Every structure is written in structure tokens, then in C-alpha cells.
Amino acid sequence: MGRFGQRLGWYCAERAETRTSLLPAGKTLAFAAVGERRCPGVWRAGRWIVCPYRAVLDGASARDQCARCAQLDRSRSVAADTMADDPRPYGVYLAYFGPGLLKVGITAAERGAARLVEQGAVAYAWLGRGPLMAARRAEAVLGSALGVPDRFPKAAKRAARGALPPVADRVAELAQLHGRAREPALWPETLEPVEFACTDHSELFGLDRIPGEVAELGGMVAGAEVVGEVLAGVGSDVYLRLAGECGAGELEGLEREGVGGADGGGRSGGVGGLVAVMDARVLSGWVLGAAGGRVTTVPVVVKGRAAAKGAGEQEDGGQEGLF
């Protein structure tokens with residue numbers, strides 16, 4: 001996986017320290033939400049500026065900033081068109097999320113494929129490179145001319161992962177769109193073209209480990225616990241096999257380690273358990289402590305109906321905020 005392995009980031013405001021924990025397949029997560037979910041603030045110049053309002057966030061929402069910190073974040077943002085003076089070169093790309101789910105976008109050339117990995121692009125190909133405003137114009141012109149958007153809802157991307165065609169078909173769909181974009185009538189003169197080359201993320205994400213039918217974890221509340229084994233990671237989505245009945249010894253290592261099994265190596269005994277996907281963004285702003293039990297108590301949505309894993313049954317899946 002190299003530098004693109006999926007990770008959880010941790011931040012201690014008191015010590016102004018950050019660290020990351022890798023989430024490889026087979027890692028057991030066993031954590032509980034503690035206290036209140038608070039806005040972490042704004043990332044600037046390689047460090048966190050802690051939210052001065054100590055704003056409390058909705059535990060079920062993927063939004064991980066309060067409104068005022070989000071506004072400050074967008075005051076210096078390429079996505080919000082508030083960084084027109086950015087001197088860095090930018091790349092224009094085509095990203096594939098599933099049959100018919102192709103988009104055009106831009107990212108700073110120095111970031112390489114990082115933006116594609118963050119979005120959960122199953123495959124991608126570069127179209128061209130140039131200054132920011134040239135790349136932004138190309139994104140708008142090509143998106144309109146090719147009839148492709150600049151984003152898709154998470155629900156659509158998740159659904160597509162369960163029924164992906166062979167790699168050759170993905171490459172062919174990207175190649176066809178890439179060829180159309182390079183037509184002289186459409187191609188912006190200010191953009192340096194890049195020859196077609198497809199990169200597929202099947203192995204990186206572990207797509208072959210994702211079953212066709214997957215449940216979804218709802219939002220966190222104080223005291224809610226998640227216990228399961230990591231199967232795959234796509235963008236901010238973490239696919240877990242939720243733990244079933246386990247012997248006490250199998251979770252002892254995680255309980256001793258402390259926070260969410262981040263540094264432990266224990267394995268869940270729930271091999272035949274339900275597979276569910278969690279948007280890791282709902283964890284942002286929570287203090288995570290060790291799970292006290294051996295089952296997931298967060299709401300689990302199975303095919304549109306709420307199901308309960310563990311002792312505490314929940315009726316509301318609380319998923320609206322994720323999409």
C-alpha cells in the first residue's frame with residue numbers, strides 16, 4: 001500500500017501532538033466514543049488550530065467542523081475558488097467509481113494520486129497539467145462537454161463497489177472518455193496534455209474483499225462502541241466484519257492497549273459476522289477509548305431497515321448525514 005495505506009489520525013490538543021494509526025486488513029478495531037464530539041478546528045501550515053468555540057458537533061454527521069471553522073477553511077481553498085493566486089501546477093484527471101460513474105476533477109500536481117485515493121476512485125487517468133486557473137477552466141469546459149459531473153454522492157459510490165465490472169472494462173470506459181476529451185474542438189490550449197494511462201486501485205483498496213451486500217454503520221453517540229475486523233478501506237470508508245461472540249482472551253490485548261485498538265494486534269473471533277461500512281469521518285472530534293464490550297452498539301442499517309448488533313437495540317439508522 002505504500003504511503004496510501006488507510007489510516008486514522010489522532011490529535012492531542014494539550015500537547016499539540018498528532019499521530020496516525022494504519023488500518024491494514026486484519027486489524028481489529030475496538031473503541032468507544034467518550035464525552036462529546038467537538039469541532040477539531042482548522043488545519044493550517046501543517047498544524048491544527050483548535051476551534052476557539054469548542055463547538056459540539058452532531059455525532060451522526062460526516063461534517064467534522066462547526067460552521068465558523070468550515071467558513072474559515074473555505075476562505076483559503078481551491079475547491080471554493082478562494083486561492084486563485086496559487087502558483088503550483090495542477091493536474092486534471094478523470095476518475096472512475098463504477099459503470100457510468102466517471103467525473104472530471106483537478107488536484108495539485110505535487111499531491112500525485114492522493115486526492116484520487118481520498119475520494120475512493122476505483123481507477124483514474126490524467127488528462128493534462130497546467131496553472132490552476134487553466135486547470136479549473138478545463139475542468140468546467142470538459143465536464144460540461146463530456147456530460148460528466150465533478151462529484152458523486154457517497155451512496156452511489158458505495159453501491160457501485162458491490163458490482164464492479166472486470167478491470168479491462170474499467171480501463172476501456174476511461175480510455176473512451178479520455179479520447180473524447182482530447183478532441184481538438186474541446187481541448188483547452190492552455191493545458192499540457194498527458195497520454196492515456198490507467199491506474200486501478202483494486203489491490204490498494206482491497207475491493208475483492210468487499211461483498212456484494214454490505215450493511216452501514218450509523219453515527220456515534222457517547223458510549224457507543226464499534227468492534228470488528230478491518231476487511232478493506234476505500235477513501236474514508238472502512239469495511240469491517242463486525243465481531244460476534246468472542247472469548248475474553250481474544251480482546252484482552254486491545255483492552256490493554258487503550259484507544260480503539262490502534263496499537264494492538266488482537267483478532268476478533270466473529271469470522272462469520274456481518275460486514276458493515278463505516279464513514280471514518282464520523283469519528284472526527286470524538287475522544288476514542290477502549291471498548292468495554294465485544295459487540296458493536298452503533299446503529300447498523302441492513303438493506304434499509306435498522307438492525308441491532310449487541311445488547312442495545314436501536315431503531316434509527318441515522319444515516320442521512322453521511323450522504
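Trainee: Before we start, what does buried mean here?

Mentor: Buried means under 20% relative accessible area, whereas exposed means over 50%. Keep in mind that this is a predicted model.

Trainee: OK, so is Phe152 buried or exposed?

Mentor: Phe152 has a relative accessibility of 17%, so it counts as buried.

Trainee: And Phe97, buried or exposed?

Mentor: Phe97 is buried, since its relative accessible area is 2%.

Trainee: Let's move to the strands. How many residues of strand E8 are buried?

Mentor: Strand E8, which covers residues 123-130, is mostly covered, with seven of its eight residues buried.

Trainee: Which way does E6 run relative to E8, parallel or antiparallel?

Mentor: Strand E6, residues 90-98, and E8 run antiparallel, and seven bridges join them. Within that pairing, Tyr93 stands opposite Trp126 of E8.

Trainee: What about E8 and E10, how many bridges there?

Mentor: E8 pairs with strand E10, residues 199-200, over two bridges in the antiparallel sense, and Ala123 is the residue that stands opposite Asp200 in E10. Strand E9, residues 192-193, also pairs with E8 in the antiparallel sense over two bridges, with Glu192 of E9 as the bridge partner of Arg129.

Trainee: Switching to the rings, how many aromatic pairs does the structure hold?

Mentor: There are five aromatic pairs in the structure. One of them is formed by Tyr93 and Trp126, whose ring centres are 6.2 Å apart and whose planes stand at 85°, so this pair is edge-to-face.

Trainee: Why does that pair tie together separate parts of the sequence?

Mentor: Because Tyr93 lies in strand E6 and Trp126 in strand E8, the pair ties together parts that are 33 residues apart in sequence. Tyr93 and Trp126 are both buried.

Trainee: And how are the rings of Phe97 and Phe152 arranged?

Mentor: Their centres are 6.0 Å apart with the planes at 70°, so the pair of Phe97 and Phe152 is edge-to-face. This pair links distant parts of the chain, 55 residues apart, with Phe97 in strand E6 and Phe152 in the loop between helix H3 (132-146) and helix H4 (154-161).

Trainee: Which residues do ring pairs link into a cluster?

Mentor: Tyr11, Trp43 and Trp48 are linked into a cluster by ring pairs.

Trainee: Where does Arg68 lie?

Mentor: Arg68 lies over the face of Tyr53, at 3.6 Å from the ring centre. In another place, the charged end of Arg182 sits over the ring of Trp187, at 5.5 Å from its centre.

Trainee: New topic, what volume does the second largest pocket have?

Mentor: The volume of the second largest pocket is about 370 Å³. Its lining is made up of 20 residues, and those that lie nearest the centre are Gly212, Glu213, Val214, Ala215 and Glu216.

Trainee: Which element gives the most to that lining?

Mentor: H4 gives the most to the lining of the second largest pocket, with four residues. The elements that contribute two or more residues are H4, strand E11 (215-217), strand E14 (275-279) and strand E16 (300-302). By class, the lining has twelve nonpolar, three polar and five charged residues.

Trainee: Last one, what is the phi of Arg54?

Mentor: Arg54 has a positive phi of about 45°, although it is not a glycine. Arg54 is placed in the loop between strand E5 (47-49) and helix H1 (67-74), and at 53% relative accessibility Arg54 counts as exposed.

Notes. Residues are numbered from 1 along each chain as its sequence is written. This is a predicted model: local features need pLDDT of at least 70, side-chain atom pairs count only at pLDDT 80 or more; totals for chains, interfaces and linings use all residues. Side-chain values use heavy atoms; hydrogens and water are left out. Buried means under 20% relative accessible area, exposed over 50%, partly exposed in between (1.4 Å probe, protein chains only). Two strands pair if DSSP finds at least two bridges between them. Rings of Phe, Tyr and Trp (its six-membered ring) pair if their centres lie within 6.5 Å; planes under 30 degrees apart count as stacked, over 60 as edge-to-face and the rest as tilted. A charge sits over a ring if NZ of Lys or CZ of Arg is within 6 Å of the ring centre and within 35 degrees of the ring normal. On a 1 Å grid over the protein atoms alone, a cavity is a set of points where a 1.4 Å probe fits but cannot get out, and a pocket is an open set with protein on both sides within 12 Å along at least five of seven lines; lining residues have an atom within 4 Å of a point. Grid points are joined across faces, edges and corners, and a volume is the space filled by probe spheres set on the points. Ala, Val, Leu, Ile, Met, Phe, Trp, Tyr, Cys and Pro count as nonpolar, Asp, Glu, Lys and Arg as charged, and the others, Gly among them, as polar.
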